[in-house]
Amino acid sequence: MWASKLGKELGHPTRSLAGWLVSKFLTRHNQVLEENAVRLCGILPGDTVLELGHGPGLGLQSAARLLTEPTGSLIGVDYSEYMHQMASELMKELIASGKVTLYHCDVAAMPLADRTVDKVFHCNCYYFWPDLRKGASEIHRVMKPGGLMVTTLRLSTLARLGAKRVMPGENWRPEAYMAALRDSGFTDVRMEDKQHSNITFQAIYATALK
């Protein structure tokens, strides 16, 4: 039972003691993954960038620093109202300036126009989506032709959590997500091992074919 409850809070943190602890955990343990997802995306100063499942806002901060041209803009979506509120407070000045826009919504139903996003990144996110194919198809819909998506993860950690039933079903397996990406129209879908200091992690890449 504890594993199920932990999995639910990781996927959808709530305004509670458990949700607060999860937010602290995400802030501490996701920083390397967030920063590297941003770096590997190759964000250009005038890009329109989307982060999925932005959590407390670490990745949003890193990406926003790179969008130095007037046309550069950043969008974030998160299904957790608690995370949406935390990130909104963190990014309030950039939101007020119009540089950043945050939505409290499901990744499978984003209020974005077709073919508007240059780069997409996320970390520790896709395994909590009820339907990987719907999520991947929605990402593909909003991306410009040739746009790049990058997600970062630590496979060793996922495997341990999956064995303890913290992760729901088999969606945590990278192969399942990569198959959904290919089925949704992405090309050059691949996973690579990466190193940051003494931390080994994985990055999944996918290019939007239109």
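Trainee: How many helices and strands does the protein chain have?

Mentor: This is a predicted model, where local features need pLDDT of at least 70, side-chain atom pairs count only at pLDDT 80 or more, and totals for chains, interfaces and linings use all residues. Residues are numbered from 1 along each chain as its sequence is written, and side-chain values use heavy atoms, with hydrogens and water left out. Helices (H or I, at least four residues) and strands (E, at least two) are DSSP runs numbered from the N terminus. On that basis, the protein chain has 9 helices and 7 strands.

Trainee: Which residues have the most contacts inside the largest nonpolar core?

Mentor: Such a core joins buried Ala, Val, Leu, Ile, Met, Phe, Trp, Tyr and Cys residues through side-chain atoms within 4.5 Å. The largest has 33 residues, and the ones with the most contacts inside it are Leu50, Leu52 and Ile139.

Trainee: Is Val189 buried or exposed?

Mentor: Val189 is part of strand 6. Buried means under 20% relative accessible area and exposed over 50%, with partly exposed in between (1.4 Å probe, protein chains only). Because its relative accessibility is 11%, Val189 counts as buried.

Trainee: Leaving aside neighbours within four places in sequence, which residues is Val189 in contact with?

Mentor: Contact means heavy atoms within 4.5 Å. Tyr177 is 12 residues from Val189 in sequence, with 10.0 Å between their C-alpha atoms. Leaving aside neighbours within four places in sequence, the contacts of Val189 are Met178, Leu181, Arg182, Tyr205 and Ala206.
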